[in-house]
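Student: I have a model to go through. Can we test its labels one by one?

Tutor: Gladly. Here it is.

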Amino acid sequence: QVQLVESGGGLVQPGGSLRLSCAASGSIFSRYAMGWYRQAPGKQRELVATITSGGRTNYADSVKGRFTISRDNAKNMVILQMNSLNPEDTAVYSCNAHYSPYGPLGSSYTYWGQGTQVTVSS
């Protein structure tokens, strides 16, 4: 089982930057696709960015060009670098790990961290 712990959230002014980290337990971290999701007050949780076990990335349109997801398999970590933040980015950001060892029709495993608060305000 994978345990995920997020860190790096906090209060930042509009236009500022934050770097979120997600630390994972276990020895099979490199097998998992990783992602960052966020949920703002009154809104549903939405995808922010994902990175596959092979390093391919995908971003929500709202964060393209501003956010960068990366992973360091040696450290069992995934990073979300957030630049040019605006108040609309305020949300709880959660780390996700997903693994499908038997292919798309077989069993899969999904894990979530507790989340870290990001507040963008002047």
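Tutor: This model is predicted. Start with strand E3 (residues 18–24) and strand E8 (residues 77–82), which pair in the antiparallel sense over six bridges.

Student: What makes E3 and E8 a pair?

Tutor: Pairing needs at least two bridges. E3 and E8 have six bridges. One of the contacts joins leucine 18 to methionine 82 in E8.

Student: Which strands form the open sheet, and in what order?

Tutor: The order is E1-E3-E8-E7, with antiparallel pairing. Strand E1 (4–7) and strand E7 (67–72) each have a single partner strand, so they stand at the edges.

Student: Why is tyrosine 32 called buried?

Tutor: Buried means under 20% relative accessible area. Tyrosine 32 has 4% relative accessibility, so tyrosine 32 counts as buried. Tyrosine 111, with 15%, is buried too.

Student: Why is the pair of tyrosine 32 and tyrosine 111 called tilted?

Tutor: Ring centres must lie within 6.5 Å, and edge-to-face needs planes over 60 degrees apart, stacked under 30. Here the centres are 6.1 Å apart and the planes 55 degrees, so the pair is tilted.

Student: And what makes tyrosine 37 and tryptophan 112 edge-to-face?

Tutor: Their planes are 65 degrees apart, and the cut-off is over 60, so edge-to-face applies. Their centres are 5.0 Å apart. Tyrosine 37 lies in strand E4 and tryptophan 112 in strand E10, so the pair ties together parts 75 residues apart in sequence.

Student: How do you know that a charge sits over the ring of tryptophan 112?

Tutor: The distance limit is within 6 Å of the ring centre. The charged end of arginine 45 is 3.8 Å from that centre, and sits over the ring.

How values were computed:
Residues numbered from 1 in each chain as written. Predicted model: local features only at pLDDT ≥ 70, side-chain atom pairs only at ≥ 80, totals over all residues. Heavy atoms only, no water. Helix = DSSP H or I, 4+ residues; strand = E, 2+ residues; numbered from the N terminus. Phe/Tyr/Trp six-rings, centres within 6.5 Å; stacked < 30°, edge-to-face > 60°. Buried < 20%, exposed > 50% of the residue type's maximum accessible area, 1.4 Å probe, protein only. Lys NZ or Arg CZ within 6 Å of the ring centre and 35° of its normal.
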